[in-house]
Amino acid sequence: MIDFPALFAAALVCGAAIVSPGPNFVAVTHRAVAATRAEALALALGVASVSALWATAALFGLGLLFTLFPWLFWTVKLLGAAYLAWLGLRLLRGAGAPLPEDAAGAPRSTLARAFRSGMLTNLSNPKAMAFYGSVFSAFVPAGATLATQLALIATVGSIATLWYGGVAWFLADARAARAYRRARRPIEGGCGLLLIGLGLRQAFARS
């Protein structure tokens, strides 16, 4: 039996967390307007897969693990901060480089790199870990059935896929690409500074 009230409550709180702006949104938006739609969707799927991974880990005691081993949380936190800052620096350095014309498709190797980039972006965000390890876990009833747990994981993955996939799909059109090319330097500079700022905030925040 699936606990539908718990599932609905978890879906609401996860939806609110997923659609809130952050590194994942910046990464998907940038890839959507700077590359092909296929690459943007691959990156979005990478982000969504890690959201489902965090939900799975939360059901199996992610919060308890970080409570017992706080050094593990801080290690992941600092590595994530460094990765976000590195992404920001890459955007700043490449803001003036010419872009190739959009292609109709993308090679599998490129799609695989985009997928990995999405995974790494989400893995580098300890706020996501903290959310699933605390807030999300609180909505999971004690003694939840396996069916409820699987439904929770599927719900999180579906919400993340629909949101980030929708952002990637709607922004990766010809008009968005042309507008992006015209204002590329300030957009990429702003995104780069935002990611660096998020990384620094992450590194020096107390929790």
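I looked up the contacts of Gly157 first: leaving out residues up to four places away in sequence, Gly157 touches Ala48 and Ala52 (contact means heavy atoms within 4.5 Å). The model is predicted, so I kept its limits in mind: local features need pLDDT of at least 70, side-chain atom pairs count only at pLDDT 80 or more, and totals for chains, interfaces and linings use all residues. Numbering runs from 1 along each chain as its sequence is written, and side-chain values use heavy atoms, with hydrogens and water left out.

I placed Gly157 in helix H8 (helices are DSSP runs of H or I, at least four residues, numbered from the N terminus). Gly157 counts as buried because its relative accessibility is 13% (buried means under 20% relative accessible area, with a 1.4 Å probe and protein chains only). From Gly157 to Ala48 I noted 109 residues in sequence and 5.6 Å in space, C-alpha to C-alpha.

Next I looked up the helix pair. The axes of H3 (residues 37–59) and H8 (residues 146–171) come within 8 Å and cross at roughly 155 degrees (axes are lines fitted to C-alpha atoms over the stretch in contact, with angles from 0 to 180 degrees between N-to-C directions). H3 and H8 are therefore roughly antiparallel (angles over 145 degrees).

Last, I checked salt bridges (a side-chain nitrogen of Lys or Arg within 4 Å of a carboxyl oxygen of Asp or Glu). The count is 1. Arg31 pairs with Glu39, with the closest N and O atoms 3.5 Å apart. I noted both Arg31 and Glu39 as buried.

Key
Helices (H or I, at least four residues) and strands (E, at least two) are DSSP runs, numbered from the N terminus. Angles under 35 degrees count as roughly parallel, over 145 as roughly antiparallel, 65 to 115 as roughly perpendicular and the rest as oblique. Buried means under 20% relative accessible area, exposed over 50%, partly exposed in between (1.4 Å probe, protein chains only).
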